[in-house]
Amino acid sequence: MVQTKKQKYLFLAFCLVPTFLLFAVFTLYPLFSGLYFSFFSWSGSAADREFVGISNYIRLFNDSIIPRTILHDYFLVVTKVIGIMALAMYFAVAIMQMKIKEAPFYRIIFFFPNIMSVVVIGILWMFIYNPSLGLINSGLEAVGLENLTRPWLGSETWALPAIVLPSIWAGIGLFMLMLMGGIGTISKSYYEAAELDGASEWQQFWKVTVPLLWPQIKVSVLYIVITTLNGSFIIVQIMTGGGPNNSTHVMGSYLYQQAFEQYNFGYGATIGVMILVLSLLTVFLLQRLLRREKVQY
């Protein structure tokens, strides 16, 4: 069927305009609104807003809690990237290359946490960390290690590391499936050729699997970083609320506290701008660091 130029443009408009409208309403409008409100002193509910210029940004740079929230966010980023990718890669390689018969069952088991709400995961792990009835302290007591028991979420030292474990547990399944899909596309002839050349299984993993799996690895790392910087506040808010003594506050949870609990909406918007800038810079740097030439065998 021959289409005129006008028909082609109408078809493109029909496909693109609804998508752009949704993008504008749910992404561009909140983005520019947040930037706009960052120049005002506003409670979030009052009719009047007071223009304060860059006062909120000056306050941001003088806020002693902000450096701690940034440090906590990047602590979660590093630990989640290492923990999730190491375990997801291990299980993906084990299931795909060891030809385990129960592979479909393990796929379901590992992916199950991904279909659970973050709120449910947070509440579940709060019970696990409960100092009196939780599985961790009860297990330590059962094996005679009572001296290692502690109020995990009530300790300034252990609260943030305690949040890492459920975050890793909840993320392994999705990235394991992504890596398994990539491994499934690698031809067996590459491994056979490497084996004939005398390469050990460890060498095959580093010289064949990792290079050919690099696009999936890169996407996975970027996805973990973006979701951590922009979404870790949910599990923090559920499990600790940023406490004790601000020891688990991340940028997002501190934004929530300022905007919706202390009604400093303008300052909360300023923190949101900071999160956006740091997220963009981090992703840009990672794109540069993870860039590799396309591998061909």
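**Entry 1: the H10–H11 loop**

I began with Pro244, which sits in the loop between helix H10 (233-239) and H11. The model is a predicted one. I looked up the peptide bond from Gly243 to Pro244 and found it cis, with omega near -5 degrees. I then checked Asn246, which lies in the loop between H10 and H11. Asn246 is not a glycine, yet it has a positive phi of about 65 degrees. I noted both points because most residues other than glycine have a negative phi, and most peptide bonds are trans.

**Entry 2: the H11–H12 loop**

I moved on to Tyr263, in the loop between H11 and H12. Tyr263 has a positive phi of about 60 degrees and is not a glycine.

**Entry 3: largest pocket**

I looked up the volume of the largest pocket: about 710 Å³. I counted 24 residues lining this pocket. Closest to its centre are Pro30, Leu255, Gly272, Val273 and Ile275. Which elements give two or more residues to the lining? They are helix H1 (5-37), helix H9 (201-231), helix H11 (251-261) and helix H12 (265-289). I sorted the lining of the largest pocket by class and got 16 nonpolar residues, 8 polar and no charged ones.

**Entry 4: second largest pocket**

The second largest pocket holds about 580 Å³ of space. I found 18 residues in its lining. Val93, Gln97, Met98, Glu201 and Gln204 are the closest to its centre. I checked which helices contribute. Helix H3 (65-97), helix H8 (188-196) and H9 each supply at least two lining residues. H3 gives the largest share, 7 residues. By class, I have 10 nonpolar, 3 polar and 5 charged residues in the lining of the second largest pocket.

**Entry 5: helix H2**

I turned to helix H2, residues 55-62. Which residues of H2 are buried? I found Asn56, Tyr57 and Leu60. I looked down the axis of H2: the buried residues fall within an arc of 100 degrees, so they line one face of the helix. On the other side of H2, I found Phe61 and Asn62 exposed. What do the buried residues of H2 pack against? I listed H1, strand E1 (40-41), H3 and H12 as their partners.

Definitions and conventions: Residues numbered from 1 in each chain as written. Predicted model: local features only at pLDDT ≥ 70, side-chain atom pairs only at ≥ 80, totals over all residues. Heavy atoms only, no water. 1 Å grid on protein atoms, 1.4 Å probe; cavity = no way out; pocket = protein on both sides within 12 Å on 5 of 7 lines; lining within 4 Å. Points joined across faces, edges and corners; volume = space filled by probe spheres on them. Helix = DSSP H or I, 4+ residues; strand = E, 2+ residues; numbered from the N terminus. Nonpolar A, V, L, I, M, F, W, Y, C, P; charged D, E, K, R; others polar. Buried < 20%, exposed > 50% of the residue type's maximum accessible area, 1.4 Å probe, protein only. Arc of directions from axis to C-beta. Contact = heavy atoms within 4.5 Å.
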